[in-house]
Amino acid sequence: MTCTHITVVLLGLLSVMAEAGTFRLGRARFPTAILLPRSKDKEPWLFQFYSSTCERCEEMRPVVRRVETELKVKFKKLEVQRDVANAELLRIIDRDSRCGGIPYFFNRKSHQWICGATTFENLRDLADGKRCKSNWAPPISTEEQTAMQRQTGFYGRMLGQWNKMTNQGKEAIAQQREKYQEQQQNGKKRDKKQQSGRQRGGMNRNESLARRG
């Protein structure tokens with residue numbers, strides 16, 4: 001059984017549960033017009049789940065308005081942070097947490113959905129009932145590129161300083177090693193010279209004793 005078939009069965013069960021235009025699920029009560037397919041075009045079939053504190057949701061505002069103007073449609077805006085019923089409805093629609101976040105767009109007729117911010121073309125396809133991509137992020141804005149470059153530049157400078165300090169440390173260690181090796185060689189030469197002097201002194205003393213004898 002496909003996901004579409006499962007959705008149809010679920011919607012059928014909800015329609016049986018409907019009472020006076022609403023259905024209850026747990027403690028929450030939802031309008032049947034939100035989930036149940038209707039023939040009237042005035043019934044909402046496009047939904048946007050959002051939060052007032054969601055930056056991506058705010059970024060999608062002009063995109064949503066443009067789609068609504070071009071296609072002459074209307075998205076049902078459902079705030080999920082303060083409205084428990086809307087949050088519960090999002091949980092039902094976003095089954096198995098396919099998205100798990102907002103903004104979340106849903107077409108009740110085609111059962112297609114979009115997770116997160118997206119392009120105008122992709123959202124238009126969703127609203128128009130055409131095949132859309134569920135995860136299709138918009139291109140990075142100029143402001144975001146500038147911020148990323150600044151951040152990259154900061155980390156680049158930090159990395160440059162670290163490399164500089166590392167290289168300076170390596171150079172200092174190499175200089176200390178060379179100095180130690182030089183001291184070792186000088187010490188060996190000095191010991192050898194002293195040993196040679198003692199040997200010559202001993203030979204001279206032996207020669208002197210031999211003459212006296």
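These legends describe close-up views of a predicted model.

**Figure 1. Overview of the predicted protein.** The protein contains six helices and six strands. Helices (H or I, at least four residues) and strands (E, at least two) are DSSP runs, numbered from the N terminus. Along the sequence, the pattern reads α-β-β-α-β-α-β-α-β-β-α-α. Of the 213 residues, 28% are buried. Buried means under 20% relative accessible area, exposed over 50%, and partly exposed in between, with a 1.4 Å probe and protein chains only. The protein exposes about 15400 Å², and carbon and sulfur atoms supply 52% of that area. Accessible areas come from the Shrake-Rupley method with a 1.4 Å probe; for residues, only the protein chains shown count as cover. Among contacts between residues at least 6 apart in sequence, 51% join residues at least 24 apart. Contact means heavy atoms within 4.5 Å.

Figure 2. Strand β5 spans residues 104-107. Y104 and F106 lie on one side. F105 and N107 lie on the other. All four are buried, and both faces of the strand are covered.

Figure 3. Two strands pair if DSSP finds at least two bridges between them. Strand β3 (residues 46-50) runs antiparallel to β5, and four bridges join them. Here L46 stands opposite N107 of β5. Strand β6 (residues 113-115) also pairs with β5 in the antiparallel sense, over three bridges. In β6, C115 is the bridge partner of Y104.

**Figure 4. The β5-β6 hairpin turn.** Strands β5 and β6 form a hairpin, with five residues between them. H111 sits in the turn and has a positive phi of about 60°.

**Figure 5. The disulfide of C99 and C115.** The structure holds one disulfide, defined as a pair of cysteine sulfur atoms within 2.5 Å. The sulfur atoms of C99 and C115 are 2.1 Å apart. The link is right-handed, with 70° about the S-S bond. C99 lies in the loop between α4 (84-93) and β5, and C115 in strand β6, so the pair ties together parts that are 16 residues apart in sequence. Both cysteines, C99 and C115, are buried.

**Figure 6. C54 and C132.** C54 counts as buried because its relative accessibility is 12%. C132 is buried too, with a relative accessible area of 12%.

**Notes.** Residues are numbered from 1 along each chain as its sequence is written, and side-chain values use heavy atoms, with hydrogens and water left out. In this predicted model, local features need pLDDT of at least 70, side-chain atom pairs count only at pLDDT 80 or more, and totals for chains, interfaces and linings use all residues.
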